[in-house]
Amino acid sequence: MEKRVSFRGIWLPTALVLPQIIITAVFFFYPAGQAIWQSLYIPDPFGLSMQWVGLGNFEFLFADRFYRGSFITTAIFSILVTVVSMGVALYLAVLADRLIKGSGSYRTLLIWPYAVAPAVAGVLWLFMFNTRVGVITWYLGILGYDWNHVLNEQEAMALVVIASSWGRISYNFLFFIAGLQAIPKSVIEAAAIDGARFWTRFRTIVFPLLSPTTFFLLVVNIIYSFFETFGVIHTITSGGPQQATTILVYKVYSDGFVGQDLGSSAAQSVILLAVVSILTVIQFKFIERRVHY
């Protein structure tokens, strides 16, 4: 028999929920409302006056080819980060789940990169791929490859994708290893007795049972690639070369804090929030149908 918790009055549940409501209102709804309000004006850099322009900021943005190009850059970057981080994490989780000896040590080592802040991770990878003193650049030079992410757009994109994915692999690994351990071993053993090999068992049994975890990580990683990769891009490429790594969130920073175009920056933040919200709704509307709980 299922037991349900019930409250006799509304005061206790209200008191329990109120702190979270206040935090959400202060740190999400109020800033979002301010961004929407400021996107309809053109303020001066000193904040002394504001001119009403309505949707003028949005019209200016969509007429800017550099801003339209940042949509393509963001799409490529987010897809690569999500696929790389989730793919590598799933592979490592499967290997760690099959280990018998030393599995705890391997799991601990794989979790450590998650504790590294994105900006610090960007600095670490920047040192390794530095065009003058980078150790990886030096080895690539021995192999005859001249690495220069400062001038090469493809190499710059590859570097920020690697650095962004590296720190996220540990997060995905935690959920994948937990999902693998939750799968009943009897089901896998029955398939093995029937003659199914490892990859057949993984494709037909393990991965479908991991679909709730995979779907959750898909949503979370896309949001991560849109917002939390700012520190990596800022420390490694600063959006260059030629805005090849300028994603939407970095465009908000460069136009608002560097260019002091506060109205355009506010409009970009509104558009970014709308894009992420639409993507999340699409994922829950169409992709979740394939999830087996």
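## Overall architecture

The chain folds into 13 helices and two strands, where helices (H or I, at least four residues) and strands (E, at least two) are DSSP runs numbered from the N terminus. This is a predicted model, in which local features need pLDDT of at least 70 and side-chain atom pairs count only at pLDDT 80 or more, while totals for chains, interfaces and linings use all residues. Residues are numbered from 1 along each chain as its sequence is written, and side-chain values use heavy atoms, with hydrogens and water left out.

Along its principal axes, the C-alpha trace spans about 75 × 75 × 30 Å. Of the 293 residues, 37% count as buried (buried is under 20% relative accessible area, exposed over 50%, and partly exposed in between, with a 1.4 Å probe and protein chains only).

Ile21 is partly exposed, at a relative accessible area of 49%.

## How H3 meets H10

Helix H3 (residues 65-98) packs against helix H10 (residues 211-227) at an angle of about 135°, with the axes 9 Å apart. Axes are lines fitted to C-alpha atoms, for helices over the stretch in contact, and angles run from 0 to 180 degrees between N-to-C directions.

H3 and H10 are therefore oblique to each other (under 35 degrees is roughly parallel, over 145 roughly antiparallel, 65 to 115 roughly perpendicular, and the rest oblique). Their crossing is right-handed, meaning that the near helix is turned clockwise from the far one by less than a right angle.

## Backbone details in two loops

Most residues other than glycine have a negative phi, and most peptide bonds are trans. In the loop between helix H11 (230-236) and helix H12 (248-258) sits Pro241, and the peptide bond from Gly240 to Pro241 is cis, with omega near -5°. Ser238 lies in the loop between H11 and H12 and has a positive phi of about 55° although it is not a glycine. Ser238 is partly exposed, at 44% relative accessible area.

Gln260, in the loop between H12 and helix H13 (262-286), has a positive phi of about 60° without being a glycine. Gln260 is partly exposed, at 35%.
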